[in-house]
Structures are given as structure tokens and as C-alpha cells.
Amino acid sequence: MRSFSTLARKRGFEVVITPGLTLASVEGASCTKSADEAEYESYLRCNIAGAAATYADVLEIQAQTRQSGPEEYREFVSAAAKQARAANPDVKVISGFRVRDVENIDDVAS
């Protein structure tokens, strides 16, 4: 992320980072998902939003999987945003949201 953000800024771009919830499940990750926790729990425990925000101008929290419960969505986004702002008080935080319950490739292919 550091190399990417340095290069992007040198070229005059704003840095937008959108780390996925499954990063703690990637082989070789420095912080990994425990067998008994959900992806969003390891995302928070591993401070993925904070790590990404260190290098970002804009951080998107990919919270789509939490949107079926408004309270769960709010709690997750709030916790991740808090981590992000602790790492970089100037970061702009946005969160992802699906407009449909089911995604279909035909929706974007036409």
C-alpha cells in the first residue's frame, strides 16, 4: 500500500483504498482469521481499516455483507471508521452498500 500511495501521489492522484473483508484469510497474511470468527471480526481485530487508512486519502469500508441488519452494519462501519481515523485523522471514510440482495453479471454487462 505504501508503494502504491507514494506513486499515485507523485502522479497527482488521490489514493482510494478499499480493503476487502477477506484479507485476513489470505495465505501469508500477517494477521489471520481464527477458525471461530467471522470475516468482519478478523477485519476489525487485525485493524485492516487502520492499516489501509495510513496510506489513503479515501478509505472505503466494504460493509455490504453486514447490510441485512442495519444495526450490525452501523456497528461494523463505525468500528472500522474509528480505527481508520485513529491511524489517519484526515482520511475520508465511505462505506459500501448494495442496492440489490442478489448481484447478477447481466446487471453490469449490458
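Residues are classed as buried when their relative accessible area is under 20%, as exposed when it is over 50%, and as partly exposed in between (1.4 Å probe, protein chains only). The structure is a predicted model, in which local features need pLDDT of at least 70 and side-chain atom pairs count only at pLDDT 80 or more, whereas totals for chains, interfaces and linings use all residues. Residues are numbered from 1 along each chain as its sequence is written, and side-chain values use heavy atoms, with hydrogens and water left out.

Helices (H or I, at least four residues) and strands (E, at least two) were taken as DSSP runs and numbered from the N terminus. An open sheet of 3 strands was found, with the order β1-β2-β3 and parallel pairing; two strands are taken to pair if DSSP finds at least two bridges between them. The edge strands, each pairing on one side only, are β1 and β3 (92-95). Strand β1 runs parallel to β2 (residues 58-61) and is joined to β2 by 2 bridges. Within this arrangement, I17 stands opposite L59 of β2.

Residue L59 also belongs to the largest nonpolar core, which has 22 residues. Such a core is defined as a set of buried Ala, Val, Leu, Ile, Met, Phe, Trp, Tyr and Cys residues joined through side-chain atoms within 4.5 Å. The residues with the most contacts inside this core are Y43, L59, I61 and F76. Two or more residues are given to the core by each of α3, β2 and α4 (70-87), and α4 supplies the largest share, 6 residues. With contact taken as heavy atoms within 4.5 Å, and with neighbours within four places in sequence left aside, I61 is in contact with Y43, F76, V77, A80, A81, V93, I94, S95 and G96.

With a disulfide defined as a pair of cysteine sulfur atoms within 2.5 Å, the count comes to 1. This disulfide joins C31 to C46, with an S to S distance of 2.0 Å. The pair links distant parts of the chain, 15 residues apart: C31 lies in the loop between β1 (16-17) and α2, and C46 in the loop between α2 and α3. The link of C31 and C46 is left-handed, with -75 degrees about the S-S bond. C31 counts as partly exposed because its relative accessibility is 24%, whereas C46, at 14%, counts as buried.

The loop between α2 (39-45) and α3 (48-53) also holds N47. Although N47 is not a glycine, its phi is positive, at about 55 degrees. N47 counts as partly exposed because its relative accessibility is 32%.
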